[in-house]
Amino acid sequence: MSDSKEDQKKTFIPNPKELDGVPDLSSLIYLEEPHVIHNVKCRYNKDLIYTGISSVLVAVNPYKQLGCYKNDRIEHYANKAKYEKGLPHVYNVAEQAYRQLIWTGLNQSMVVCGESGAGKTENAKYLMRHLAYTTSMGLYKSSKVGSMDDAKAEDGALTSAKIEQQILAANPILESFGNAKTLLNNNSSRFGKFTKLLFNKPEHEGEGGNIVGSAMETYLLEKSRVVFQAMGERNYHVFYQLCAGLPDEDLEELGISSAEDFIYLNQSECIEIPGMSDEGRFEELTKAMDLLGFDEVTKSKIFSTTASVLHLGNIEFEDDETKTSDACKITEDSKDYVQWAARLLEVKEADLERRLTKQSIKVAGKVIWKEYSVEAAESNRDSTSKAIYGSLFDWVVLRINHELFLSKLEAKRNAAKEKEKAAAEEKERAAQLQREEEMKLEKLKAAEAAVTKKPKPKKKKKSRKVRYV
């Protein structure tokens, strides 16, 4: 006998009203999906976007600016007692992970996951900001974890502030080259990222370690976005920031007039994002590059390569009627874009044109050039653009890693080598002084021996008597 629909329908039993909006979900009597959603909603209506359960933090994107991320909140969680967990907050997660790192000496991991628009990018930045700020300001330099000594905090700021600033400066660069507007999120990360923060071991028990470097791994960059975007979405931010932020004379050097002039940017009919200034973001990008050691020549090369992708996207093809085979050629209107792309990529125009319209095939040790059709040439052009931008993105990440980790590791190794060299020289000087002292001592002993030594008495010669017969 089948149960009735009323029997099959599960009765929802709410929690008591006094438990609405509790910070810890484990405090609820009934803990099923409807209860979790109701509790999170109660907190969200009070601008409390974080809810905790054990070591898991549930965050809801408020889609507005909140005042819970200021420096005083960082110090609030850093100054908590040793075993006091505190209210749910992204800073609290970072704090607990750091304390476990110091107490256990074991590596700690923080996983930020969620669907597009959930706030992964922002929360990941706040995690790093908390760790960078607290260690650089010396909030853990006291013998008692959690207390703050002003003098030592000042020393910590002088020694570690640059590393902290560099780690945070990597975010605007990665966002410019790896984030884009989607239908759900104006600043959606279109790549995966794994970031390592490296700490030194504290010298004394109870002290905290400082950040000595950082390294990141990126994967699965959405290269298809370079050549195509859905209606209402945008390409990667850096293209629009370049068009809006560079001075007119620099734009002329790159052959750029406006973002609307490029197919890779105007096909989605979305050039600007309300409430987001591409010009202001470009200024933030250049400042971050300066802080991470990108010189003017390097920045110019990066912007030139970025602009070359836009010119490649405007190159069009048509059938080549002078040839009997299914071949194509670049249209006359696209010749200028070929010249600009070749100039910015620092390659010969003829070589670039051949790369776009022909395919090289190696047969029996010989290279044969095969003509592309119009459709194949367009696909090849887009593939070339995606490859160039993907390589540029990888190089930028490598350059950031070099500044945040490899250069510091190299400096540490060089310092160790210099220390070993100085120690060896000092040891050699000490050995030389010891040899000189030993030689002086031997000479002194020889002189003393010469003075104390008595001369032996001379033997008298016996006289011989000679008789004459």
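**Group meeting: cavities, core and rings of a predicted model**

Good morning. The largest cavity in this structure has a volume of about 50 Å³. A cavity here is a set of points, on a 1 Å grid over the protein atoms alone, where a 1.4 Å probe fits but cannot get out. The volume is the space filled by probe spheres set on the points, and grid points are joined across faces, edges and corners. The model is predicted, so local features need pLDDT of at least 70 and side-chain atom pairs count only at pLDDT 80 or more, while totals for chains, interfaces and linings use all residues. Residues are numbered from 1 along each chain as its sequence is written, and side-chain values use heavy atoms, with hydrogens and water left out.

Let me stay with the cavities. The structure holds two of 30 Å³ or more. Which residues line the largest cavity? Among them are Met128, Ile167, Asn171, Lys193, Ser214 and Leu404; a lining residue has an atom within 4 Å of a point. Helix 6 (150-178), strand 5 (192-199) and strand 6 (211-219) are the elements that give two or more residues to this lining. Helix 6 gives the most, with four residues.

I turn to the chain as a whole. It has 14 helices and 10 strands, which are DSSP runs numbered from the N terminus (helices: H or I, at least four residues; strands: E, at least two). Of the 469 residues in the chain, 38% are buried, where buried means under 20% relative accessible area, exposed over 50%, and partly exposed in between, with a 1.4 Å probe and protein chains only.

Next comes the core. The largest nonpolar core has 80 residues, and Tyr69, Ile173, Phe177, Phe239, Ile256 and Ile400 are those with the most contacts inside it. Its largest share, 10 residues, comes from helix 14 (residues 374-452). Such a core is a set of buried Ala, Val, Leu, Ile, Met, Phe, Trp, Tyr and Cys residues joined through side-chain atoms within 4.5 Å. What does Phe239 contact, leaving aside its neighbours within four places in sequence? Phe239 is in contact with Leu265, Thr306, Val309, Leu310 and Tyr389; contact means heavy atoms within 4.5 Å.

Now to the aromatic rings. The structure holds nine aromatic pairs. Rings of Phe, Tyr and Trp (its six-membered ring) pair if their centres lie within 6.5 Å; planes under 30 degrees apart count as stacked, over 60 as edge-to-face and the rest as tilted. Why is the pair of Tyr50 and Tyr69 edge-to-face? The ring centres are 6.5 Å apart and the planes stand at 90°, so the pair is edge-to-face. Tyr50 lies in strand 1 (residues 50-53) and Tyr69 in the loop between strand 2 (56-59) and helix 3 (71-78), 19 residues apart. Both Tyr50 and Tyr69 are buried. Phe282 and Phe303 form a tilted pair, 5.5 Å centre to centre with 45° between the planes. This pair links helix 10 (residues 278-291), which holds Phe282, to helix 11 (residues 296-313), which holds Phe303. Phe282 and Phe303 are both buried. Ring pairs also link Tyr50, Tyr69, Tyr91 and Tyr126 into a cluster.

Finally, two charges sit over rings. A charge counts if NZ of Lys or CZ of Arg is within 6 Å of the ring centre and within 35 degrees of the ring normal. Arg234 lies over the face of Tyr240, 3.9 Å from the ring centre. The charged end of Arg399 sits over the ring of Phe294, 4.9 Å from its centre. Thank you.

How values were computed:
On a 1 Å grid over the protein atoms alone, a cavity is a set of points where a 1.4 Å probe fits but cannot get out, and a pocket is an open set with protein on both sides within 12 Å along at least five of seven lines; lining residues have an atom within 4 Å of a point.
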